[in-house]
Each structure stands twice: as C-alpha cells, then as structure tokens.
Amino acid sequence: MFTEARRLNLIEKVLKVKNESILIALENVLNSSKPEETKKSIHDFVGFLSKKEADNMRTAIAESCENIDENDWK
C-alpha cells in the first residue's frame with residue numbers, strides 16, 4: 001500500500017507542475033525507464049499446452065530421452 005500512496009503523491013505533484021522544462025524532464029525520465037521484469041512462475045504456464053500436445057510431448061520424451069544408448073558414452 002505504501003507504493004500506491006507514493007504513486008498518488010507523485011501524480012498530485014505532477015498535476016501542479018506548470019514549468020514546461022520540468023514536464024519535459026519528467027517525460028524523459030518516464031520514457032527512458034524500463035518496465036520491471038517479473039519472474040515467471042510455473043503457474044503462468046498452466047493450460048499453455050492442449051491435452052493432445054502434452055501427450056505428444058510425453059511420448060516424444062519417452063521415445064527419445066528415457067532410452068540410454070551405451071555406445072554414446074564411448
């Protein structure tokens with residue numbers, strides 16, 4: 001909640017700015033700032049694949065990744 005109050009306080013201050021150079025400086029700062037990068041959660045991917053796609057992926061893993069070829073280690 002503290003962050004939200006700070007945002008509102010800044011908005012109130014910006015609304016009172018009459019100086020064009022200050023407005024330009026504020027625009028430059030806001031336009032140059034990068035959006036915060038959020039970390040992905042496993043929950044972001046729920047429902048990403050259809051049941052058929054998930055089954056195809058399981059089959060591909062079972063057919064290729066779960067088999068050990070002892071000649072590959074030589």
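## A nonpolar patch on a spread-out helical chain

Ile42, Phe45, Phe48, Leu49, Met57 and Ile61 together make a nonpolar surface patch of about 630 Å²; such patches consist of residues with over 30% relative accessible area and no salt bridge, nonpolar side chains being joined within 5 Å, and a salt bridge is a side-chain nitrogen of Lys or Arg within 4 Å of a carboxyl oxygen of Asp or Glu. The model is predicted, so local features need pLDDT of at least 70 and side-chain atom pairs count only at pLDDT 80 or more, while totals for chains, interfaces and linings use all residues. Residues are numbered from 1 along each chain as its sequence is written, and side-chain values use heavy atoms, with hydrogens and water left out.

Phe45 counts as partly exposed because its relative accessibility is 44%, which falls between the limits for buried (under 20%) and exposed (over 50%), with a 1.4 Å probe.

The chain has 3 helices and 0 strands, strands being E runs of at least two residues. Its radius of gyration is 26 Å, well over the 11 Å that the globule rule gives for 74 residues, so the chain is more spread out than a compact globule; the radius is taken over C-alpha atoms, and the rule is 2.2 Å times the number of residues to the power 0.38.

| Property of the chain | Value |
|---|---|
| Span of the C-alpha trace along its principal axes | about 75 × 30 × 20 Å |
| Buried residues | 1% of the 74 residues |

Methods. Helices (H or I, at least four residues) and strands (E, at least two) are DSSP runs, numbered from the N terminus. Patches are made of residues with over 30% relative accessible area and no salt bridge: like charges are joined within 9 Å, nonpolar side chains (Val, Leu, Ile, Met, Phe, Trp, Tyr) within 5 Å. Accessible areas come from the Shrake-Rupley method with a 1.4 Å probe; for residues, only the protein chains shown count as cover.
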